[in-house]
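Q: I have a chain open here and want to go through its packing. Can you take me through it piece by piece?

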Amino acid sequence: MQKQEDGSIAEKVDKIDVSTLAQYIDKYSEMLIDFAISFVIALIVLRITLWVANAIVRFLGRAMERREVEVTLKKFLEDIISTVLKVICIIIFASMVGIETTSLIALLGAAGLAVGLALQGSLANFAGGILILMYRPFRAGDFINAQGQSGTVDEIQIFNTVLKTPDNKRIFIPNGLLSNGSLVNFSSEDTRRVDFVVGISYDDSISKAKQVINDLLDKDERLLKEPERTVVVGAHGASSIDLYVRVWVNSGDYWDVYFEFMENIKLAFDENGLSIPYPQQDVHVHQVAKQD
């Protein structure tokens, strides 16, 4: 009797196990099929979104070429935009296959905030580099003065701008300072004005001195006719009458004209009996008789 009962119990257990297993198989088969369908659809969507992202990057690249955006900035922006769009595509794919993306996005946001706070100085220079490359206050080859430094722009990097000084030194200036501070670009215009201050003695003739200066300027073919040059009395100095001479030249001739005039004006004044005074100090020595 006991054996019959044990046999019937075993049969019931076997039936339960078989039916439960069949239920699990049916359940997980459906889940697997649903997941496979969702995964395939997600792959198709991923492929489409990646194609759209690449098309957007190509479109923006052509737009920047038409706007003549700096090559360095163009390549950098293309890489940044491409990376951001691909991250968005991957997040969409993960969401479609059932992966929880809220926590992932929050984690990425927190990590980005932490990195931003740690590198805020570098990010300021990075933003300054983008602004410089976009708005072009200067280009490679321009001679500028900024942050107390002067030199020819040798290279515009993302974080720094490299200047080469006339004595062949290299100066690295952070782009954040350049984009937020004052800057003088000596090469942005085709022409420049050269200013001279020529002193003559109070005993010399002003009209003769102006005539000598004008004769000297007439011989220099590098001087531009327009705007018209200026030779006027600018100040009565402590020991001289100061004549202000202003002429216009092409930017490339600036320093040659300046140095040659400074030499030739002295020679011309010497030939015409005009003097360029300099500060003098008279020292009077009084001898006091020694008393017995």
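A: A word on terms before the helices: axes are lines fitted to C-alpha atoms, for helices over the stretch in contact, and angles run from 0 to 180 degrees between N-to-C directions. The model is predicted.

Q: Fine. At what angle do H6 and H7 pack, and how far apart are their axes?
A: Helix H6, residues 206–218, packs with helix H7, residues 254–271, at an angle of about 130 degrees. Their axes are 10 Å apart.

Q: And why quote both an angle and a distance?
A: Because two packed helices are described by the angle between their axes and the distance between the axes.

Q: Roughly antiparallel or oblique?
A: Oblique, because roughly antiparallel needs an angle over 145 degrees, and H6 and H7 therefore count as oblique to each other.

Q: What's the handedness of the crossing?
A: H6 passes H7 in a right-handed crossing.

Q: Which residues meet there?
A: From H6 there are Ala209, Val212, Ile213, Leu216 and Leu217. On the H7 side they meet Phe261, Asn264, Ile265, Ala268 and Phe269.

Q: How does that contact divide into nonpolar, polar and charged?
A: Nine of the residues in the contact of H6 with H7 are nonpolar, one is polar and none is charged.

Q: Switching to sheets. What's the strand order in the one with S6?
A: The order is S6-S8-S7, in an open sheet of three strands with antiparallel pairing.

Q: Which strands are at the edges?
A: Strand S6 (191–200) and strand S7 (230–236). Each has a single partner strand, so one side of each is left without a neighbour in the sheet.

Q: How much are neighbouring strands turned?
A: By 25 degrees against each other on average, with direction ignored.

Q: How many bridges between S6 and S8?
A: S6 and strand S8, residues 241–250, pair in the antiparallel sense over 10 bridges.

Q: I clicked on Phe196. Where is it, and is it buried or exposed?
A: Phe196 is in strand S6. With 2% relative accessibility, Phe196 counts as buried, because the cut-off for buried is under 20%.

Q: What is Phe196 in contact with?
A: Leaving aside neighbours within four places in sequence, the contacts of Phe196 are Leu243, Tyr244, Val245, Val247, Val257, Tyr258, Phe261 and Met262. Take Tyr258: it is 62 residues from Phe196 along the chain, and their C-alpha atoms are separated by 8.0 Å.

Q: Now the sheet with S1. What's its order?
A: S4-S3-S2-S1-S5, five strands in an open sheet with antiparallel pairing. Strand S4 (170–174) and strand S5 (183–185) stand at the edges with a single partner strand each, so one side of each has no neighbour in the sheet. Neighbouring strands of this sheet are turned by 40 degrees against each other on average, direction ignored.

Q: How many bridges between S2 and S3?
A: Four, in the antiparallel sense, between strand S2 (residues 149–156) and strand S3 (residues 160–164). Ile156 stands opposite Thr161 in S3.

Q: Backbone next. What do most residues and peptide bonds do?
A: Most residues other than glycine have a negative phi, and most peptide bonds are trans.

Q: Which residues have a positive phi here without being glycine?
A: Among them are Gln147, with a phi of about 55 degrees, and Asn168, with about 70 degrees. Gln147 is in the loop between strand S1 (143–146) and S2, and is partly exposed at a relative accessible area of 40%. Asn168 lies in the loop between S3 and S4 and is exposed, at 58%.

Q: Which peptide bond is cis?
A: The one from Glu226 to Pro227 is cis, with omega near -5 degrees. Pro227 lies in the loop between H6 and S7.

Q: Last, the whole chain. How many helices and strands?
A: Seven helices and eight strands. Of the 292 residues, 25% count as buried. Of the contacts with a separation of 6 or more, 63% are between residues 24 or more positions apart.

Conventions. Residues numbered from 1 in each chain as written. Predicted model: local features only at pLDDT ≥ 70, side-chain atom pairs only at ≥ 80, totals over all residues. Heavy atoms only, no water. Helix = DSSP H or I, 4+ residues; strand = E, 2+ residues; numbered from the N terminus. Parallel < 35°, antiparallel > 145°, perpendicular 65-115°, else oblique. Left-handed = near helix turned anticlockwise from the far one by under 90°. Contact = heavy atoms within 4.5 Å. Nonpolar A, V, L, I, M, F, W, Y, C, P; charged D, E, K, R; others polar. Pairing = 2+ DSSP bridges. Buried < 20%, exposed > 50% of the residue type's maximum accessible area, 1.4 Å probe, protein only.
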